[in-house]
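The following briefing concerns one protein structure, shown below. It is arranged by topic for use alongside the coordinates.

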Amino acid sequence: MKKENSRKKKMICNAVSCTILLLCFFAVVMTRTTCLASENTGADATAQKSDETYNGDAETAVESEPELWSFEENGTLDIVVNRGVTIYQYTSEAIEPPVVLLYYFNQDDDYDILQENVDYTVAYENNTEVGTGRIIITGMGEYCGEAYAEFTIIEPIEEVKIDSSNFPDDLFRTYVSRNLDSDHNGVLEEEEILNVRDIDLTECYDPLTGAYVKDLTGAEYFVVLEHLCCVARISDGDDLSGLYSVPGLKVKPEIRLV
C-alpha cells in the first residue's frame with residue numbers, strides 16, 4: 001500500500017513538472033512574438049517617418065526653386081515699340097516692329113533690359129492689312145506670363161500740296177505752311193504728315209478783321225492727328241459747318257466759341 005501511494009505521488013509530481021515546463025515554454029514563445037511584433041511596428045514607423053522626411057525634403061526643394069518674374073504681377077513691364085514708332089504704311093507684306101522690354105522690378109525704378117529668346121519670345125497678329133496690329137510678348141526662362149502692345153497700319157501716304165484746293169481757308173492754309181511744312185517747300189511729305197499729332201488754332205486769327213479759321217478742310221490729310229482745337233466766333237452770317245463737318249477727319253475738333 002505504501003509503495004502504491006508513493007508511486008501515485010511520483011506520478012503527480014511528474015505531471016505537475018510537465019505542466020510547469022509547458023507553461024514556461026508558452027510564456028517564452030508569447031514574449032518572443034510580442035518582441036517581434038514590436039520590432040516590426042517600430043520598423044514601419046521608422047520607414048513612415050523616413051518617407052515623411054523625404055516628402056518634406058521634396059516639398060522644401062520645390063519651395064526653394066527660384067520664383068518666376070511674372071509680366072502681370074511682380075513688376076512693371078515697359079514695352080518700347082521700335083523707339084516709339086507705332087504707325088506704319090500698308091505695304092501688302094507683314095510688318096513686324098522690333099521691341100525693347102524694360103522690366104522694373106522694384107519701386108526705385110531699377111530695371112533690367114530683357115533679351116529676346118532668352119527672357120521672352122515675340123509673335124505678331126493682324127500685321128499685314130490696314131488696321132491695328134498686335135504684338136504678343138511671352139515670358140520664358142526666369143519670366144512668365146504674357147504682355148501685349150499695338151501698332152497701326154495705315155493706307156499709303158501721298159504728298160499733299162499746300163494750296164487753296166486742299167486747304168481752302170486762308171488762315172488754316174497759312175498755319176499749315178508756317179508750322180507744319182518743316183522744309184517750307186509748299187508740299188506736305190510723308191514724314192511731315194506723320195509728325196502731326198496736335199493742331200492748335202486758338203491763336204490763329206486775322207488781327208485786322210478778328211476772324212478765326214472757319215473751314216478745317218485739309219485736316220483729314222493728317223492721318224495720325226489726335227487733337228484739334230480751334231476758336232469760332234458767334235456772329236451773324238458765320239457759317240461753322242466747315243468746322244463741324246470735315247469729310248475724312250477722324251478726330252473730333254474741340255471748338256471754343258467766343
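Asn166 is buried, at a relative accessible area of 16% (buried means under 20% relative accessible area, exposed over 50%, and partly exposed in between, with a 1.4 Å probe and protein chains only). The model is predicted: local features need pLDDT of at least 70, side-chain atom pairs count only at pLDDT 80 or more, and totals for chains, interfaces and linings use all residues. Residues are numbered from 1 along each chain as its sequence is written, and side-chain values use heavy atoms, with hydrogens and water left out.

- Asn166 is placed in the loop between strand E10 (160–161) and H2; helices (H or I, at least four residues) and strands (E, at least two) are DSSP runs, numbered from the N terminus.
- A polar atom of the Asn166 side chain lies 2.7 Å from the backbone oxygen of Lys161.
- The side chains of Asn166 and Tyr221 are joined by a polar contact of 2.9 Å (a pair of N or O atoms within 3.5 Å; within protein, one must be able to donate a hydrogen and the other to accept it, and residues adjacent in sequence count only if both atoms are side-chain atoms).

**Nonpolar cores**

- The largest nonpolar core has 31 residues, of which Phe172, Val176, Leu188, Ile199, Leu201, Phe222 and Leu228 touch the most other members; such a core is a set of buried Ala, Val, Leu, Ile, Met, Phe, Trp, Tyr and Cys residues joined through side-chain atoms within 4.5 Å.
- Helix H2 (170–179) and strand E13 (227–232) each supply at least two residues of this core, and H2 gives the most, with 4 residues.
- Leaving aside neighbours within four places in sequence, Leu201 has contacts (heavy atoms within 4.5 Å) that include Phe172, Val213 and Leu228.

**Parallel sheet**

- An open sheet is formed by 3 strands in the order E12-E13-E14, with parallel pairing; two strands pair if DSSP finds at least two bridges between them.
- Strands E12 (198–200) and E14 (254–257) are the edge strands, each pairing on one side only.
- E12 and E13 are joined by 3 bridges, and Asp200 stands opposite Cys229 in E13.

**Salt bridges**

- The whole structure contains 4 salt bridges (a side-chain nitrogen of Lys or Arg within 4 Å of a carboxyl oxygen of Asp or Glu).
- Arg173 forms one with Asp170, the closest N and O atoms being 2.7 Å apart.
- Arg197 and Glu226 meet in another, at 3.0 Å, N to O. Arg197 lies in the loop between helix H3 (190–194) and E12 and Glu226 in the loop between E12 and E13, so the pair ties together parts that are 29 residues apart in sequence.
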